Amino acid sequence: MAMMMECSVMGSSLFQSPSSDTKFSWKKEFSSHGNLSTETSLARGSAIKPSCLVTKRSPKSSLSHIRNALLRGATKINGDNGVFSNTSVSEKTESLDSYEDDYDGEIIDPDRLPSNAATFASSLRASLSDWKLKGKKGIWLKIYQDKCDLVPVAIKEGFTYHHAEPGYVMLTYWIPKEPCLLPSSASHLVGVGSFVINDKKEVLVVQEKKCALRCSGVWKYPTGFVDKSEEIFAGAIREVKEETGIDAEFVEVIAFRHAHFMDFEKSDLFFICMLKPLSTVITTDESEIQAAKWMPLEEFKGQPFYQEDCLSKKVLDLCIASFKNSYRGLTARQLRSKLDGKLSYLYYCSC
């Protein structure tokens, strides 16, 4: 059966009806047809230039296998022998798995990131293109330590560092052509100081092994940082126990100080807490504490440091006032919020 093939030449149409003994073979180098290769054009049924075809005389025609292959959906011609396959010319790149946040952004699933850097790069580019078309804003990308080789790939695509924790690094990408509205990384450190005084008007004090020169030799109350996900009052109780071995209970927050450009160039919130001792025997943490003891209040108050430092003197005055019941600080009460359904502590003055 004769086959009619349409060939486009210089904008006009040329129709050629090959004889039954003519066989078509394909050159290795395909000429382009617009922006598509000849092989893609064939798959779509488009016209091709006759320069792509070479005719050979053969007793038996193989035109039928070309036609049948095209009808079966073949999309690629392999080698120089005209063999068709069903492999796509270009496989569609899969986007990264992600889910929407509450602010028109996307959070990439860190557990489903490709392990291969090249695969990750192509998937990331495809995802960014898709998110831009959808009008997305902030993109969050967490990369675990075991896939740290993906970090430079993300940086190359325009992601920036947000924060890091043991085991992972968080990167972000802001799509809109406007100032970034993503929240910054954690900006504050939280510390506590515990004023522990017993019924004998003795204050629990320590001297640290390592401290600033200006504090050298000063007897101070136990201090330290609040741990991750730890309550302020719980941190105060823990620090007293760790440094002195004294059990205590929280009474109230006396005051707090807010300072900036402290450790790691972060801001610092330092809470002064009043605690009531529940035990008396001191056992020091020798790795941090040089010495610890119960010191009479007047002796503690009379140290030059507390007379010369305005902030420390004011804090001490408030602690003494609280002990004498002439000042009320902030107590903690656990309440549930309808906003997130979670229990949390509210610190307030109950007077």
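Trainee: What is the volume of the largest pocket?

Mentor: In this predicted model, the largest pocket has a volume of about 1,100 Å³. Of the 30 residues lining the largest pocket, Cys215, Lys220, Thr223, Arg257 and Phe270 are the closest to its centre. Two or more lining residues come from each of strand E16 (223–225), helix H5 (232–244), strand E18 (267–277), helix H7 (304–308) and helix H8 (310–323).

Trainee: What makes up the lining of the largest pocket, by class?

Mentor: The lining has 13 nonpolar, five polar and twelve charged residues, where Asp, Glu, Lys and Arg count as charged.

Trainee: Which residues lie nearest the centre of the second largest pocket?

Mentor: They are Glu165, Ala186, His188, Leu189 and Val190, from a lining of 16 residues, and the volume of this second largest pocket is about 430 Å³. Strand E12 (160–165) and strand E14 (188–196) each supply at least two residues of that lining, which by class has six nonpolar, five polar and five charged residues.

Trainee: Why does valine 153 count as buried?

Mentor: Valine 153, found in helix H4 (residues 151–156), has a relative accessibility of 15%, and because buried means under 20%, valine 153 counts as buried.

Trainee: How do you know that valine 153 touches Ala117?

Mentor: Contact means heavy atoms within 4.5 Å, and, leaving aside residues up to four places away in sequence, valine 153 touches Ala117, Phe120 and Ala121. The C-alpha atoms of valine 153 and alanine 117 are 7.0 Å apart in space, while the two residues are 36 residues apart in sequence.

Key
Residues are numbered from 1 along each chain as its sequence is written. This is a predicted model: local features need pLDDT of at least 70, side-chain atom pairs count only at pLDDT 80 or more; totals for chains, interfaces and linings use all residues. Side-chain values use heavy atoms; hydrogens and water are left out. On a 1 Å grid over the protein atoms alone, a cavity is a set of points where a 1.4 Å probe fits but cannot get out, and a pocket is an open set with protein on both sides within 12 Å along at least five of seven lines; lining residues have an atom within 4 Å of a point. Grid points are joined across faces, edges and corners, and a volume is the space filled by probe spheres set on the points. Helices (H or I, at least four residues) and strands (E, at least two) are DSSP runs, numbered from the N terminus. Buried means under 20% relative accessible area, exposed over 50%, partly exposed in between (1.4 Å probe, protein chains only).
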